[in-house]
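My entries follow the order in which I looked things up.

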Amino acid sequence: MSPIKAGEFVMGSPEDEGNRNNDETQHVVKLTKDYEMQATAVTQLQYFLVMGRNPSNFRKKEYCDDNDYQVKFGLGLCVNHPVETVSWNDAQKFIEKLNQIQNEYTYRLPTEAEREYAARGGMSSDFPYSFIFDDNNDLNNHSWYSDNSNNRTHAVALKIANQYGLYDMHGNVWEWVQDFYGKYPTSPVTDPTGPTTGSFRVLRGGSWDGLAWDLRSAYRTIIESANEPPDRNCAIGFRLVRTKK
């Protein structure tokens, strides 16, 4: 877990950002509470240790990075690859069970605002990523995406972490956040949690099969076939945040 200090930032993207979507309206967000964010997406091993199963599509030895394949109780795992093919509801069941077996912290998905704040790593919204983008090597050094992934996930924490010590905030797998999808406000907000109801949950971060602009800090998506909470997709995983009880 990496500590994230409370703070204020401009959420969304400027109108001149390349490949920007019209649902990225900039607005000031104030986060008043510190939190800790998992340094990586939840891995296949972590998911297995809590849930006793591995739903991932990329779990066979031929999909694993070097020395990453293990068999646990007869079940194959790419142990350090992110778990994927998990629905929003699957993530909630994982969190519920994790919270039952320990009593020091409360674990949950990040809000959309917390996820973008952490993804930016302290960089202003003038920058699409948590690094200064000069050429494709910047993306290659920080991210797994369509140009370098070989059409699969990879072990977490192989790329450069951002300024908050967070890995794969751009690419590898899309990550669920807590919020329902909705239109952004235009005025400043404090500790936003998104709409109270809705048909879709939000995905953030881009993935192994995504294009460069999908990895932008402000990019949000609602893939209809994968964003209804019961559905699953092999490019979707999640990471956790926690606070002290």
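**Nonpolar cores**

I looked up the largest nonpolar core and found 24 residues in it, those with the most contacts inside it being Val42, Tyr47, Phe94, Leu109, Trp176, Phe238 and Leu240. I note that the model is a predicted one. I then asked which elements supply this core: α1, α2 (88-101), β7 (105-108) and β8 (174-180) each bring at least two residues. Helix α2 gives the most, with five residues.

I also listed the contacts of Val42, leaving aside its neighbours within four places in sequence. Val42 touches Tyr47, Pro82, Val83, Phe94, Phe238, Arg239 and Leu240.

**Cysteines**

How many disulfides does the count come to? I recorded one disulfide. Cys64 and Cys78 form it, with their sulfur atoms 2.0 Å apart. The pair links distant parts of the chain, 14 residues apart: Cys64 lies in the loop between α1 (44-51) and β5 (69-72), and Cys78 in strand β6 (residues 75-78). I read the torsion about the S-S bond of Cys64 and Cys78 as about -90°, so the disulfide is left-handed.

I next checked burial. Cys64 is buried at a relative accessible area of 10%, and Cys78 is buried at 0%.

Definitions and conventions. Residues are numbered from 1 along each chain as its sequence is written. This is a predicted model: local features need pLDDT of at least 70, side-chain atom pairs count only at pLDDT 80 or more; totals for chains, interfaces and linings use all residues. Side-chain values use heavy atoms; hydrogens and water are left out. A disulfide is a pair of cysteine sulfur atoms within 2.5 Å. Helices (H or I, at least four residues) and strands (E, at least two) are DSSP runs, numbered from the N terminus. Buried means under 20% relative accessible area, exposed over 50%, partly exposed in between (1.4 Å probe, protein chains only). A nonpolar core is a set of buried Ala, Val, Leu, Ile, Met, Phe, Trp, Tyr and Cys residues joined through side-chain atoms within 4.5 Å. Contact means heavy atoms within 4.5 Å.
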